[in-house]
Amino acid sequence: MKKLRWQILVVAVTVVIVALLLLSQQPISTSFLPEAAPGGIYTEALVGSMGRLNPMLDWNNPADRDINRLIFSGLIRFDAHGLPQPDLAEAWGTSPDGTLYNFSIRSNAVWHDGQPVTSDDVIFTIEMIKSSGSLFPQDIKDLWSQIEIKRFDDKTFQFKLPEPFAPFLDYVTFGVLPKHLLETVPADQLATAQFNLQPVGTGPYKFDRLTTSGGQITGVVLNSNEDYYLPGPFVEQIVFRFYPDSASALDAYQQGEVLGVSQITNDVLQQALMEPTLSVYTSRLPQLGLVFLNLNNPTVSFLQSDKIRRALLLGINRELIVSRIMQGQAIIADGPILPGSWAYYEEIEHFDYDPDAAAALLKAEGYVIPASGGDVRAKDGQYLTFTLTHPDDAVHTRIAQSIQLDWSLIGVRIDLQAVSYDSMVNDYLTTRNYQAALADLNTARTPDPDPYLFWHQSEATGGQNYSQWDNRTASEFLESARTEADFSSRSRLYRNFQVLFTKDMPSLPLYYPVYSYGVDSQVQGVQVAPMYDVSDRLALVAEWYLVTRRTLEQTPVPTVAP
């Protein structure tokens, strides 16, 4: 028995050792994963025409801004939520009182010609912004004229504001220009400088050449910047080709001439969606379509009632406007701050189309169909009827007609007045000579959500508070948010403002328009985010890729010992 026990023990130990050896020598499953790699050429059909490749001169030319977005850099940039991020400036700081901003430029930031980027370039660019040669709006020139600039050294400088102004960072996204190449060009001759056709910037792509045909510029070729201060782009070359409209741009894609279409308008949207290899991306634009109500017009005194205004909003079928008239190219709006912004309040009150609730509100306020008959509600001899002024283009006209029909169903009659957009702004809104107006608020190139100009009391006379909304509490929230540097505190103030807005409903928000563009499915890494300018569709172009390489992935495969 003693010898047998030893034999059993030896066998058992042997089995354990063999099992351990088998487990330690598991077979390896080898697979290859695709990974983004440098290379490839992306060609895009860019709707528009080239003017001048200079950020001082591209304010009114979206095609130029798209290209300049890749060639030039600002001190900071904004992410999809409207939060500031480092760009040329690696860091910045603000004084407790919000009047001093210190900036530090990246040590590895160089121009495409190899020269270092310095504080002098930034100061020079600001002087160009203020000059008569730039196309920046006058209010931006006036703002910079009030700011003191102090140079510390080649890489650091300071802005001193006359008073706290939290949205200031909106104004430091301008494309910085190279002083060493432009300091000899007089400001009034900037528009004709050769630099505009051979730009030198600091962005992820650098200018290579123009393409021409018949003496006309037909495209621009950009190469990746190997000296970029951030991780470089994957796509080695980007070629823009100019087309007069979306239809011709889409045709170029269908002919295999390009891989992308910069803008897909409603007239070709369905055609683009049917392209099996074209991915259509849609993003919210920085615009708000709304009906302004003149709260200080004695001829429509009933508009001073918040319940009447709420009933009017409930009586508009905004879903139909978005789906049919705008072909789905809009998002229903419930407030004055853009969704996607860090300041947008997700719990804001939402209003569905409810004509029965609208009629009940009007009746509760004493507005009923007169016993003498008719189809318009009245109270004490005052009928719910007024004029809606609107732009005379096809889309706004159809929207106005849709609202007219909707309101007739709840006993409100409106007459439509079509005018040019310039006339509506200058002759009706600015002068406050209107009863109601269908319009668009455009906040492009200002990612900061500050709605002060359109809703603060002080802007009711002579400003852009066209409704003349007079709510002291709401104005105090806007005042505090303009001077508060902390984003969490500002977010709380804007949340309170939005709650008050939807409760008082000084005007009627309708929709946020969206922008659509197309990129071939072979282009990977494309992301869509809310836009603060149409050029934002290229904000993450450095992450796009056409070429992949295989990386080895080794995964142990478990085995069971016999």
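I began with strand 11 (residues 237-243), where six of the seven residues are buried, so the strand is largely enclosed by the rest of the structure. Buried here means under 20% relative accessible area, with exposed over 50% and partly exposed in between (1.4 Å probe, protein chains only). Helices (H or I, at least four residues) and strands (E, at least two) are DSSP runs, numbered from the N terminus.

A note on the source: this is a predicted model, where local features need pLDDT of at least 70 and side-chain atom pairs count only at pLDDT 80 or more, while totals for chains, interfaces and linings use all residues. Residues are numbered from 1 along each chain as its sequence is written, and side-chain values use heavy atoms, leaving out hydrogens and water.

Next I looked up the neighbours of strand 11; two strands pair if DSSP finds at least two bridges between them. Strand 2 (residues 41-47) runs parallel to strand 11, joined by seven bridges, and Ala45 has Arg241 as its bridge partner there. Strand 10 (residues 216-224) runs antiparallel to strand 11 with five bridges, and Val220 stands opposite Phe240.

Then I turned to rings. How many aromatic pairs does a search of the whole structure find? I got 28, counting rings of Phe, Tyr and Trp (its six-membered ring) with centres within 6.5 Å; planes under 30 degrees apart are stacked, over 60 edge-to-face and the rest tilted. One of them is Trp144 with Phe168, edge-to-face at 5.7 Å centre to centre and 65 degrees between the planes. Both Trp144 and Phe168 are buried.
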